[in-house]
Amino acid sequence: MPVKSVRTHMVDFGEMDHVTDALDTAVACGDVLCRAAVIKHGAAWWPVEDRADDSAAGHWCSGSSGIGSFLIRLWRQTLAAPLLELAEHAAVAVHRDRWAYSPVICHGLAGNCDFLLDMAAATGEERYRRWAQDLADCIAVRTALRNGYSVPPGDDFRRVDTGYHTGLAGVLSVQLRLRYGGPRMWTVDPVDLSSPAVVAC
C-alpha cells in the first residue's frame, strides 16, 4: 500500500485499543511508515506517491504533519520509542518549513499547527506549543484586511475561502485550540492527549 494511503486510512486506528485487530493493523502500518521515512538534517519526510520526482511534503494530507499525527497517537498506545522519535523528527520538518506553506488545514500551516499541538499534549514538551505559535504567526503575516477584518487567504494564496480544509474555518479552529486548548477536531482524542483514550462502543 502506498505511504499516502496508509497514513490517510489508518490515522485513527491507534485510538481503537479495544479492537485488537485494528491496533495490530495500526502497528503494522507504523512499521511501514518507519521504514519509508527519509531523515534529512533531523527532519523526517516521506515520498509523495503522485509526484514523479523525489520531492516530499510537510502537509497534513500527504506528508510529515499527517504521518506524525498518526505516529504520535500510535506511540500513546504502544509506547514504542521509535514511533516517538520519528514523530519528533516530523515536528522538526513542519516547523522548519513553516514559511513554505499556505495558511490552511489540508496543505498548510493550520494542519501543521494542529500536529504540533498534538505533540505538546502527548509529550508535555512546551517547545511544541512554541513551535505551534510560530506557525500561527506565519498565518498572521499572510492575512489581508477585508471589510475591516483580518482574514487569511485560501490554499491558492489569492482568494478567501471559508471551507474547513482549504480555508478560514480550519484556520479559525486551530487558532481557537491554540488559545483555549482542547482536542483536535474530528478525532476521538481525549482533551489531554497524555491520558489514555476512551472510545465509546
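1. Arg177 and Asp114 are both buried, buried meaning under 20% relative accessible area, exposed over 50%, and partly exposed in between, with a 1.4 Å probe and protein chains only. The relative accessible area is 7% for Arg177 and 4% for Asp114. This is a predicted model, in which local features need pLDDT of at least 70, side-chain atom pairs count only at pLDDT 80 or more, and totals for chains, interfaces and linings use all residues. Residues are numbered from 1 along each chain as its sequence is written, and side-chain values use heavy atoms, with hydrogens and water left out.

2. The side chains of Arg177 and Asp114 form a salt bridge with an N to O distance of 2.7 Å; the term requires a side-chain nitrogen of Lys or Arg within 4 Å of a carboxyl oxygen of Asp or Glu. Arg177 is in helix H7 and Asp114 in helix H5, so this pair ties together parts 63 residues apart in sequence. Helices (H or I, at least four residues) and strands (E, at least two) are DSSP runs, numbered from the N terminus.

3. Asp114 also pairs with Arg184, and here the closest N and O atoms are 3.6 Å apart. Because Arg184 lies in the segment after H7 and Asp114 in helix H5, the bridge ties together parts that are 70 residues apart in sequence. Arg184 is buried, at a relative accessible area of 8%.

4. Arg177 has a further salt bridge to Asp118, at 2.8 Å from N to O. This pair links distant parts of the chain, Arg177 in helix H7 and Asp118 in helix H5, 59 residues apart. Asp118 counts as buried, with 0% relative accessibility.

5. Which residues make up the salt-bridge network? Arg73, Asp114, Asp118, Arg177 and Arg184 are linked in it. The salt-bridge count comes to seven.

6. The largest nonpolar core has 46 residues, of which Trp46, Leu71 and Leu116 touch the most other members. Such a core is a set of buried Ala, Val, Leu, Ile, Met, Phe, Trp, Tyr and Cys residues joined through side-chain atoms within 4.5 Å. Elements giving two or more residues to this core are helices H2 (20–36), H3 (64–78), H4 (81–96), H5 (109–123), H6 (126–141) and H7 (168–180), together with strand S2 (43–45).

7. Leaving out residues up to four places away in sequence, Leu71 touches Gly30, Leu33, Trp46, Leu83, Leu86 and Ala87; contact means heavy atoms within 4.5 Å. Gly30 is in helix H2 and counts as buried, at 0% relative accessibility. Its contacts beyond four places in sequence are Phe70, Leu71 and Leu74. The C-alpha atoms of Gly30 and Leu74 are 7.6 Å apart, although the two residues are 44 apart in sequence.

8. Among the buried residues of H4 are Leu83, Leu86, Ala87, Ala90, Val94 and His95. Their cover includes H2, strand S1 (38–40), S2, H3, H5 and H6. The 16 residues of H4 should span 22 Å at 1.5 Å a residue, and the end C-alpha atoms are 23 Å apart, which agrees; the expected span is 1.5 Å times one less than the number of residues.

9. Leu172, Leu176 and Tyr180 make a nonpolar surface patch of about 350 Å². Leu176 lies in helix H7 and is partly exposed, with a relative accessible area of 44%. Patches are made of residues with over 30% relative accessible area and no salt bridge, like charges being joined within 9 Å and nonpolar side chains (Val, Leu, Ile, Met, Phe, Trp, Tyr) within 5 Å. Accessible areas come from the Shrake-Rupley method with a 1.4 Å probe, and for residues only the protein chains shown count as cover.
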